[in-house]
Amino acid sequence: MTQTTGDRINLDHAATTPLDPDVRRAMIEALGGSFGNPSSVHATGRRARAALDDARRGVARALGAQPHEVVFTSGGTEANNLAVAGVARHDSRGHVAVAAIEHHAVLRAAWALRDLGHAVSEIPVDGHGRVTPDALAGQLRPDTALVSIALANNEIGTVQDVPALVRIAHDAGALFHTDAVQAVGQLDINVDRLGVDLLSLSGHKIHGPKGIGALYVRDGVELEPMAWGGAQEMGRRAGTENVPGAVGMAHAVTAACATWRDLRVRLAALSGELIDAILAAAPHARLTGHPTSRLPSIASFAFADVDAESLLINLDLDGIDASSGAACEAGSIEPSHVVEALGLPPAYGRGSLRLSLGRDTTQAEILRAAEVVARHANRLHTAPAPAAAHAAGR
């Protein structure tokens, strides 16, 4: 029997997070008092402009950036699209190199550029999902305009050594973009310490609203806009700004960056317990992603000879929200491009599971989830466990 909403265990925070009450209050105030068009010159418009400017300053402070370097977008997807396509279309060199495990908002933007005649390279990763310096260097060319590698992967949680990769890209004369959508609130996102030229954010991953994101664009970096119309966002993104969304996002980013160190410690303890419990109880499970350089909120697994769709359905019926790295199309589930890039044996290709924790996740929920996941995974397992126990996944 399907459990009621109040009984459910949410282990899908990487997909979205509940709106923070303080963020909601700030947005409601902006919906009423700052309803004007920020481009209008009258008093009502100026109030909206003041709220938008304040929000821009808040996001900039969190990034260690200047306000004019922050472009508000409709979300992380648009921010990624604008970074990848915007730079490539402006730079006559035009070659783009992206990690093979990037979010589809980056990959499909790159593929669209390829269809238009741009050269695109996919940077391979190692078995833990890391881009090595040699792998990046091997994809760089004299005409490389942009490198895009996420700070932390959205499926397996692997964290990249972005500062080291940035130095390699810059030495080759290329700009560097990082998708930090999953990293905010768990990692240092100071743009100067990272060294990046562009960085993408999203509001709803950090207890902010959906429909709002931002792209950091370092001073001097030029890009082509993806929307044409007015001169909003300093000419880089036309359209009347979403003032309440920007206000909400600024509150959420500020809170996330103020508490990330303490949250990281707490989540690391919980996810470690979850990983150990599942690997101990399901001998055909493997931890995917880097064993230590990973987001503490994400515990991702691949189960040999288990269909992820069936596993998710059973978890849902038992009141657990989770997700798979695989995409379901027309009733059939295909292997995740991220899992495929790790080079796992074929038996693991259809059995990926992502459990993502949030700030309100409890130890009791972790223990319950580990038992349920292992029980269903073992029942759905259709072949003998591999000879190797795979307990060394961590």
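Which side chain does the side chain of Thr288 join in a polar contact of 2.8 Å? I looked, and the partner is the side chain of Ser300. For my own bookkeeping, a polar contact is a pair of N or O atoms within 3.5 Å; within protein, one must be able to donate a hydrogen and the other to accept it, and residues adjacent in sequence count only if both atoms are side-chain atoms.

**Ground rules.** I am working with a predicted model, where local features need pLDDT of at least 70, side-chain atom pairs count only at pLDDT 80 or more, and totals for chains, interfaces and linings use all residues. Residues are numbered from 1 along each chain as its sequence is written, and side-chain values use heavy atoms, with hydrogens and water left out.

**Thr288.** I found Thr288 in strand β9, residues 285-288. Strands (E, at least two residues) and helices (H or I, at least four) are DSSP runs, numbered from the N terminus. Thr288 is buried, with a relative accessible area of 4%; buried means under 20%, exposed over 50%, and partly exposed in between, with a 1.4 Å probe and protein chains only. Leaving out residues up to four places away in sequence, I listed what Thr288 touches: Ile156, Arg294, Ser300, Phe301, Ala302, Leu342 and Leu344. Contact here means heavy atoms within 4.5 Å. I also checked Ser121, which is 167 residues from Thr288 in sequence and 24 Å from it in space, C-alpha to C-alpha.

**Arg8.** Next I went to the segment before β1 (9-10), where Arg8 is found. Is Arg8 buried or exposed? Arg8 counts as buried, because its relative accessible area is 17%. Its side chain makes polar contacts with the side chains of Asp316, at 2.6 Å, and Asp321, at 2.7 Å.

**Whole chain.** Stepping back, I noted 11 helices and 14 strands in the protein chain. The C-alpha trace spans about 70 × 50 × 40 Å along its principal axes. Of the 394 residues, 55% count as buried. Among contacts between residues at least 6 apart in sequence, 74% join residues at least 24 apart.

**Charges.** I noted 34 positive and 43 negative side chains, with the centres of the two sets 4 Å apart. Lys and Arg count as positive and Asp and Glu as negative, while His and the chain ends are not counted. Each charge is placed at NZ of Lys, CZ of Arg, CG of Asp or CD of Glu.
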